[in-house]
Amino acid sequence: MKRKVIAITACATGVTHTFMAAQALKKAAKQMDVLIKVETQGALGIENALTEKDAGIAEVVIFAVDTKVRDKERFAGKQILEVPVNAPIKDGQKVIQDALNLVDN
């Protein structure tokens, strides 16, 4: 069965790094055969919004952020790994593995 992860990316300006981090997480998840849905919280607002259903299905939540996460209460009771927005850009697989390790340990 595939692992399921959700993530939010957001940088201080809400432009480049927000979307670079989202792409890096999607690419890493594909390489690792992990299902992922990534919400971006950028200058244009929230895109690809995660739902309560998404949160219910996911094993763990990744916040790759350099700013405050909007509507954080959607993830109450979930394991959350919070990393700087540049962490998945540097090594997306490590970020996903670290998040999955939270659940496995």
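## Ground rules

Since we're looking at a prediction, local features need pLDDT of at least 70 and side-chain atom pairs count only at pLDDT 80 or more, while totals for chains, interfaces and linings use all residues. Numbering starts from 1 along each chain as its sequence is written, and side-chain values use heavy atoms, with hydrogens and water left out.

## Overall layout

The chain has three helices and five strands; helices (H or I, at least four residues) and strands (E, at least two) are DSSP runs, numbered from the N terminus. Read from the N terminus, the order is β-α-β-β-α-β-β-α.

The C-alpha trace spans about 35 × 30 × 20 Å along its principal axes. For 105 residues, a compact globule would have a radius of gyration near 13 Å, and the chain agrees with its 12 Å. That radius is taken over C-alpha atoms, and the globule rule is 2.2 Å times the number of residues to the power 0.38.

Buried residues account for 43% of the 105. Here buried means under 20% relative accessible area, exposed over 50%, and partly exposed in between (1.4 Å probe, protein chains only). As for contacts (heavy atoms within 4.5 Å), among those between residues at least 6 apart in sequence, 63% join residues at least 24 apart. The chain exposes about 5700 Å², with carbon and sulfur atoms supplying 53% of that; the areas come from the Shrake-Rupley method with a 1.4 Å probe, and for residues only the protein chains shown count as cover.

## Salt bridges

Side chains of opposite charge can pair when their charged atoms come close. A search of the whole structure turns up six salt bridges, each being a side-chain nitrogen of Lys or Arg within 4 Å of a carboxyl oxygen of Asp or Glu. One of them joins Lys2 and Asp33, at 3.0 Å from N to O. Lys2 sits in the segment before strand E1 (3–10) and Asp33 in the loop between helix H1 (16–32) and strand E2 (34–42), so this pair ties together parts 31 residues apart in sequence. Lys2 is partly exposed at 37% relative accessible area, and Asp33 is partly exposed too, at 45%.

Then there's Glu39 with Arg74, whose closest N and O atoms are 2.8 Å apart. Glu39 belongs to strand E2 and Arg74 to the loop between strand E4 (60–65) and strand E5 (80–83), so the link spans 35 residues of sequence. Both Glu39 and Arg74 are buried.

Lys94 is partly exposed at 47%, as is Asp98 at 29%. Finally, Arg3, Glu59 and Asp104 are linked in a network of salt bridges.

## The aromatic pair

Rings of Phe, Tyr and Trp (its six-membered ring) pair if their centres lie within 6.5 Å; planes under 30 degrees apart count as stacked, over 60 as edge-to-face and the rest as tilted. That rule gives one aromatic pair. The ring centres of Phe63 and Phe75 are 5.7 Å apart with planes at 70°, so the pair is edge-to-face. Phe63 is in strand E4 and Phe75 in the loop between E4 and E5, so parts 12 residues apart in sequence are tied together. Phe63 and Phe75 are both buried.

## Around Thr18

Thr18 lies in helix H1 and is buried, at 0% relative accessibility. Leaving out residues up to four places away in sequence, Thr18 touches Thr9, Ala10, Cys11, Thr40, Gln41, Gly42 and Val85.
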